[in-house]
Amino acid sequence: MHDNSALIRARIRRFVSERITPSLYRISSPLTISAWEVPDEPVPFSEAQGQDFTPFSIGQHWGKPWGTTWFHITGLVPSDWSRFHDLHTRTEVIVDLGFLSGQAGFQAEGLVFTAQGQIVKAVEPFNNYVPLIAQPGESVDIYIEAASNPDVGSDWGFQPTLMGDKATAGIEPIYRLRRMDVALLDIQVWKLDRDVWTLFGLMEQLSPDLPRTAEILRALEKMTDHMDPEDVSGTASRGRALLAPLLAQPAYASAHRVIAVGHAHIDSAWLWPVRETIRKCARTFSNVLHLMDEDPDFIFACSSAQQYSWMKQHYPELFERIRTRALEGRFVPVGGMWVESDTNMPSGESLARQLLAGKAFFMQEFGIEPLEIWLPDSFGYTAAFPQIVTAAGSKYFLTQKISWNETNTMPHHTFSWEGIDGTQVFTHFPPVDTYNSQLSGEELARAQRQYSEKGASNVSLVPFGFGDGGGGPNREMLAAAERTRSLEGSPTVRMASPRAFFEEAEATYANPPVWSGELYLEFHRGTYTSQSRTKSGNRRSEHLLREAELWASTAYFYAGTDYPYERLAAAWQVVLLNQFHDILPGSSIAWVHQVAEAAYETVRIDLEDLIATSVAALASSAQTDATPVSFNASPFPVAGVPALSAAPRIPTGAVRLHQADGGFVLENDVVRASIDARGLLISLVDRVSGREAVPAGQAGNVLQLFRDTPTQWDAWDIDEHYDRNGVELLEAEEVKVLVQSAGLVTVRVTRRFRGSSVQQDLTVLGDQPSLDIVTTVDWHERQKLLKLAFALDVHADRAASEIQFGHIYRPTHVNTSWDAARFETCAHRWVFVGEPGFGIAIANNSTYGHDISRATRVGGGTTTIVRESLLRAPTFPDPDADQGVHTLRTSISLTPDVLGAAAQGYRINLPLRDVVGAAVTPVVVSECPSIVVEAVKLAEDRSGDLIVRLYEASGSRSTGTVSFGFTVSEIVETDLLERTVAPVAVQSRTDAGGQLVLRAFQIITLRVARSAAEGEGSLRHHS
Ligand SMILES: [Zn+2]
């Protein structure tokens, strides 16, 4: 046979686009349209319905950026359409708001209401119909709340745009109404269209030498021959009959098994503000509920308790419909977190609370505990996560983001992921490499082709549905799932829940490979630095929450005050929401970051008030002479004030100041720091050993300014080439002594560069082995990266970086492509480089981005270079990102080990609070320095029990007693959700506490009940 397959393919494509697609609707008829534009922010249906709607017509422009226009659509289903009634048809209203060619969720969308205010479904690209129950001759009366959201991403050219802020986006209409009419869907034609789409898509993936490929091609050709192009409707059944045998051929016995999970990745904020996300959720979820009414097999997984909570608050009727489907097991809560958070930057306690708050919501509302962590899109995954997941009672982990790696390909798709403490969690990366699948032949083939566990396991998960901006699955995707259930040449597709997938995957894969350590994303490395104010808001809020809970708990036990459950929960919810994977990473539009910063400020004010109230109650609780005391919320002593207590500071040693070579030498009993005339740190000496930390001729506290022009994804990415174009900001306008007292000396350095200026206050305190640096930058650069560099005379093959509940070691060399790709990394409060017995900690109060590298000096010796990434200024999606004044704290300390680094990290993030009043003993004392108290709070069940979370911080087995400031009646170990678990760490118990043995990096949560006899009298709390 002559090979004419290319010609046939082209012929079929044209037949579909020119004949079948235009025949999907049998007939249509215009409707009457009127519109009312909301003056500013959205209003509910009840308010919109009574407004003065004015006539509107097809072709008219509508919708300023971020505006809302309500359309009222009325008319009749033509009575003569009854002549089509013997045909297989459905009556629908077709809406085209002026949709752009791009993705659903990144442009205009609408939510459809009945005249009675009930939500029907959404209209958006690829899902633009409204089902009608009206018969011929009956009336149509619907409302559409149309959102004129601008397409901020546009063509992904990453050009600066003013569209990301209502204040700068302008008021010119950006859409033109294209269609709103009533039409009859020809169901046979629609089914034929789906048959062809599936078969053609499959054929394109199959090898041309397979009989199956040719068989599909010839059947499609035959369909084209036998159908009448002028009567597609009348001959669709004939076409389908020719394709039916092809669709009936069962899958190969060895076909890859796909478990298809309906999904809509809805970013809780990104190229739209949170308020729009709430409406996006309503639109997407109403689409899902509508499809569930149509297809009993359809299962939809949705993460983020926050999004359900928004529905409960803003769309209660929709929420009840969701609840019904959730209880049926079809609208499936997954993930168990409050939002799909970033996992690089949130603190250990924050990730614990993501799971605590998220699961508590799902269990309370639905009685369902999700056991799968569902983070398809976050930008890399902390090595602390396996233990956190397990400690929250979860079993499984899912992401696909690591497939975005620029350099290395992850070797596994289904594996055990092992964290820093050795805990393993069963993990799956969908090999389809998307969370927005349409179940196309191409996607299904890719899942099968790429799946790297072949031969050992043969099942993968495919999340399908439009995502990012929402939309979710549509009826075409369900049709694809139906046709690929068992189809020769295709993977088999079964719609099921994530839990069903994980149980099958786990049961059929006895010894999955192990990946140990972080799942570092070799991409989006700028997200540790972009939008510095959002990051400092997160860091500050996390520490204020720690303090607020600690002092409120302490005051509850010692002063009998009420515990502010509601206010703390509300503050946590704000912090948890803003840890969403496009907010904290700094990759959102200006509007999102403005709202986040304002929310952090509200949280700050509220928590400061809570802290002040607790501190005042504690300071006045004892009948003693009022003296100055300091409250220390750190788990380490600071200035002689014990951990978690209030006490007078112990007078510190003196700080001496000398002038030398135009610079200054600042010296206490433990360190001597030399600042030269340029304001650089040219020497830092351990006065006990005499050891110098700065290599001769090099310096610390060096500000470096780099060109920062990533190839794409500006706010997200720092590209490796940044390092080739940088300057050191060595010239100081002024270096002067700012403060000189017995207990501290501060030198101020002022620099100007380009349009910006920097002021640095360098301080040596009497009692710290540190130079503290407060850097205030008035930043007016664009596409620049500002780093603060320290050259260190220390021989380190690896560097420790603080992560959640511990630290991770990363090599300082670049032996492998994996090491080389890790050229910018995330650390929390500190990084540490050291030799046995000597080391240097660089701590910070709001910086996450770091890089740590090494160089060999002429004449021998290695220099370790630690750099903090202080600021960026990407121009997309926020053209003014990071402009203005920023204050960032850093300290460089000499300390022999990571515990010393940890102490510095807490000190710099938790300044002492000075008040006049009584000393306060700690409500909990951990006598072992490496067993660190991370959270002190009252139990969520409001029993008045104390909850204390501790972790082993040194990376070795640690033993020590923990004691409490009251008589203990019971200590139990719990999970992160405060549910009792079998004891593993508490070895013995006394009235005052117990003996703990923790393995390296182990997290434990203790629930401690106070003896009733002691509690009476002072025990008061809400119930
Ligand atoms: Zn996302």
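Tutor: Please keep in mind that this is a predicted model. As a general idea, the strands of a sheet pair through backbone hydrogen bonds, in either a parallel or an antiparallel sense. In this case, an open sheet is formed by four strands in the order β1-β12-β6-β9, with antiparallel pairing.

Student: Which strands stand at the edges of this sheet?

Tutor: The edges are taken by β1 (25–30) and β9 (129–131). Each has a single partner strand, so one side of each lacks a neighbour in the sheet. From one strand to the next, the twist averages 30 degrees.

Student: How many bridges join β1 to β12, and which residue of β12 stands opposite Y25?

Tutor: Four bridges join these antiparallel strands, and Y25 lies opposite L185 of β12. Moving across the sheet, β6 and β12 pair over eight bridges, again in the antiparallel sense. There V95 faces M180 in β12. Strand β6 (residues 89–96) is in turn joined to β9 by three bridges, also antiparallel; V130 in β9 is the bridge partner of V93.

Student: Let us turn to the metal site. Which residues are the protein donors of the zinc ion?

Tutor: They are H265 and H581, each through NE2, together with D267 and D377, each through OD. These donors lie 2.0 to 2.1 Å from the zinc ion. Their spacing in sequence is H-x1-D-x109-D-x203-H. Among them, D267 and H581 link distant parts of the chain, being 314 residues apart. D267 sits in the loop between β13 (257–263) and α6 (274–294), whereas H581 sits in the loop between α15 (565–577) and α16 (590–619).

Student: Are those two residues buried or exposed?

Tutor: D267 is buried, with a relative accessible area of 0%, and H581 is buried with a relative accessible area of 0%.

Student: How many disulfides does the structure hold?

Tutor: The structure holds zero disulfides. For C281, the nearest cysteine sulfur is that of C302, 6.9 Å away. The cut-off for a disulfide is a pair of cysteine sulfur atoms within 2.5 Å, so C281 is in none. C281 is buried, at 0% relative accessible area; C928 is also buried, at 10%.

Student: What does helix α6 show when one examines E276?

Tutor: E276, which lies in helix α6, is buried with a relative accessible area of 0%. Not counting residues up to four places away in sequence, E276 touches A147, N149 and R283. E276 and E172 are 104 residues apart in sequence, and their C-alpha atoms are 19 Å apart in space.

Student: How should I read the packing of a helix?

Tutor: In general, an α-helix has 3.6 residues a turn, so residues three or four places apart point the same way. In helix α11 (residues 441–450), the buried residues include G441, L444 and A447. The buried residues of this helix pack against α3 (187–205), β13, β20 (459–464) and β21 (492–495).

Student: Finally, which residues are in contact with T114, leaving aside its neighbours within four places in sequence?

Tutor: They are F45, V120, D141 and Y143. T114 itself belongs to strand β7 (residues 109–114) and is buried, with a relative accessible area of 18%.

Terms used: Residues are numbered from 1 along each chain as its sequence is written. This is a predicted model: local features need pLDDT of at least 70, side-chain atom pairs count only at pLDDT 80 or more; totals for chains, interfaces and linings use all residues. Side-chain values use heavy atoms; hydrogens and water are left out. Buried means under 20% relative accessible area, exposed over 50%, partly exposed in between (1.4 Å probe, protein chains only). Donors are N, O and S atoms within 2.8 Å of the metal (3.2 Å for Na, K and Ca); water is not among the atoms, so sites may look incomplete. Helices (H or I, at least four residues) and strands (E, at least two) are DSSP runs, numbered from the N terminus. Two strands pair if DSSP finds at least two bridges between them. Axes are lines fitted to C-alpha atoms, for helices over the stretch in contact, and angles run from 0 to 180 degrees between N-to-C directions. Contact means heavy atoms within 4.5 Å.
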